Amino acid sequence: MVWTQAQTAKWYNNEMGLTNQARAHLMADDGAGYSSVQDLGELDQEYWEKVVEQIRHPPAGQNGIGISAESESRILASIYLIRYYLMTGRSPEPANMHWAIGSEFQKAYKELVRRRDADPGDPPKLTKHTDMLRWMDNFDSFLTTVVGNRLCPLSYVIRDSADVKQEAPPALATNKPYSTEHSSVEAEMVALANHSAFEFGPDNHRVFDFVDTATQGTEYQTAIKLYRKKKDGRGAFMALKRQYAGKDTYARRYAEGEKMIAIQWKGTGHYPMSKHVQRHRIGFGIIETCAPHMSGCVPTATLRVRRLLDSIVTSDPSLHAAITLIEQDDVEGGMRNDFEKAATALQRADPVNKRLSSDNSKRNLSGVDGADIGLAVILKQGRGPKTGVHLRWHPPKEFKALQKPERDELQAWRKKYPKVADDSKKQLWKDAARIGAFNGSKAKKPKASDGDGLDKKSLDSCVSALTGFTNALTAGGDNAPAGATPTRDGAKVSIANANLEKSTTTPNAEVLNSIIQRARRGRKNG
């Protein structure tokens with residue numbers, strides 16, 4: 001659409017805030033000569049600053065014309081808005097050049113300038129152990145953060161189709177410089193920026209440098225060798241995609257995602273709903289990644305919730321009630337149409353999590369903050385992240401022997417979890433007595449809750465059992481001795497089929513010393 005002189009004058013005065021004198025000078029042929037708004041798209045920031053300087057401070061013998069800083073800023077943003085429209089196949093018109101749209105673009109423009117001038121860092125490295133599909137997604141995400149000289153994210157260089165559709169671009173959203181289809185200025189440029197402009201060349205070269213860096217020293221260098229001379233970044237990336245990420249690869253990964261979300265959850269054992277939900281997230285993520293590259297479809301939000309509910313097989317009444325509420329909440333933004341809201345409701349009613357939380361032994365390793373006590377505290381809390389000190393109760397002499405940074409970290413832990421720290425002191429003695437009793441010894445009942453008063457025979461048996469038990473659990477996984485898993489037996493702890501009294505593992509000197517010294521003081525005071 002060709003702007004009339006009246007439309008151009010109105011735009012300069014009303015939208016850009018110029019005075020009549022400044023507007024007239026900009027439009028005059030013997031002045032700046034920008035009688036057409038579209039002509040402003042030929043400028044850049046540096047040239048526009050020179051134009052403003054000449055208007056404010058003309059050669060000797062001419063009077064300067066004032067242009068406010070606000071008007072200067074608005075016209076600069078409008079210059080790049082015009083260039084943005086031309087890049088994405090639109091024409092700047094009075095309907096899409098008013099300042100309500102310009103101000104929205106100005107916010108995006110400032111962020112793009114900041115990222116253009118920032119150091120993007122190194123691209124994700126591709127090695128023989130890297131999953132190619134995941135690397136391609138990561139590389140595309142990396143290029144989205146890198147802005148080229150066109151103020152366009154470089155991911156537009158490697159989009160699936162180099163050619164932009166010939167039909168008119170989608171209509172702009174109300175008072176926005178982008179369409180509802182693409183939802184942002186960046187997404188609009190990545191989808192619609194042409195590859196025929198001069199500025200595409202430098203961007204393409206830069207993408208090649210990133211691909212070259214990512215594949216340096218690997219067998220993948222062979223695939224991009226043909227594109228090195230011309231520094232064809234798009235060609236190099238597409239060559240990797242053709243050779244190592246064809247449709248068969250995407251189809252196989254898509255099937256893996258489908259398999260993950262088809263697994264049933266029955267609420268038995270120790271597998272909580274939170275892990276089942278996370279498996280669905282991962283599965284749907286794989287499907288969303290692969291679907292655009294094959295004939296598969298991306299599940300809608302409603303279908304995602306439906307697939308999650310269909311995977312649950314349970315007779316628990318609370319969980320059934322939660323499922324019913326989700327199915328009935330079918331309004332816009334309701335749980336039936338929002339995966340995360342539905343997942344939250346299901347996790348609140350999770351019978352497995354409730355069962356684990358109600359375990360009075362406190363030996364489930366669920367990781368609930370501050371819930372584990374006794375030996376579970378020592379084993380679960382582990383060591384401090386700064387100094388590696390044991391996060392447990394230490395006898396005074398042992399505490400004084402610690403380095404100052406270790407004492408500081410331990411004291412900070414005690415302040416944050418006072419009840420856990422106190423319970424670790426008390427429960428340590430109780431666990432020693434219980435484990436000793438289950439290894440054939442008959443420990444006398446302690447006179448105090450912390451274990452004072454243990455007789456020598458019972459103490460020796462408890463120490464032996466505690467040592468084997470602690471080391472067995474600490475080893476964990478495939479290295480743990482058979483039967484080294486604590487199980488519930490009434491109100492006590494049993495070690496199934498394990499003769500821990502004959503354990504050959506090296507005792508923990510800190511734990512043994514604290515038990516022996518405490519017990520001896522108890523006998524002297526008894």
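**A buried arginine and a pocket**

Arg90 has a relative accessibility of 8% and therefore counts as buried, since the cut-off for a buried residue is under 20%. The model in which this residue is described is a predicted one. Arg90 is located in the loop that runs between α4 (69–87) and α5 (99–117).

Two polar partners were found for the side chain of Arg90. With the side chain of Glu188, the side chain of Arg90 forms a polar contact at 2.6 Å. A polar atom of the Arg90 side chain also lies 2.5 Å from the backbone oxygen of Pro170. When residues up to four places away in sequence are not counted, Arg90 touches Tyr85, Pro169, Pro170, Leu172, Ser179, Glu188 and Leu192.

The second largest pocket was examined next. The space in this pocket amounts to about 490 Å³. Its lining consists of 21 residues, and those closest to the centre of the pocket are Val164, Lys165, Glu167, Ala191 and Leu192. Two or more residues of the lining come from each of α4 and α7 (185–192). Sorted by class, the lining contains nine nonpolar, seven polar and five charged residues.

For the chain as a whole, the secondary structure comprises 22 helices and two strands. The chain has 526 residues, of which 43% count as buried. Among contacts with a separation of 6 or more, 62% are between residues 24 or more positions apart. The accessible surface of the chain is about 28,100 Å², and carbon and sulfur atoms account for 50% of this area.

How values were computed
Residues numbered from 1 in each chain as written. Predicted model: local features only at pLDDT ≥ 70, side-chain atom pairs only at ≥ 80, totals over all residues. Heavy atoms only, no water. Helix = DSSP H or I, 4+ residues; strand = E, 2+ residues; numbered from the N terminus. Buried < 20%, exposed > 50% of the residue type's maximum accessible area, 1.4 Å probe, protein only. Polar contact = N/O pair within 3.5 Å; in protein donor to acceptor, adjacent residues only side chain to side chain. Contact = heavy atoms within 4.5 Å. Areas by Shrake-Rupley, 256 points an atom, 1.4 Å probe, with all protein chains shown as cover. 1 Å grid on protein atoms, 1.4 Å probe; cavity = no way out; pocket = protein on both sides within 12 Å on 5 of 7 lines; lining within 4 Å. Points joined across faces, edges and corners; volume = space filled by probe spheres on them. Nonpolar A, V, L, I, M, F, W, Y, C, P; charged D, E, K, R; others polar.
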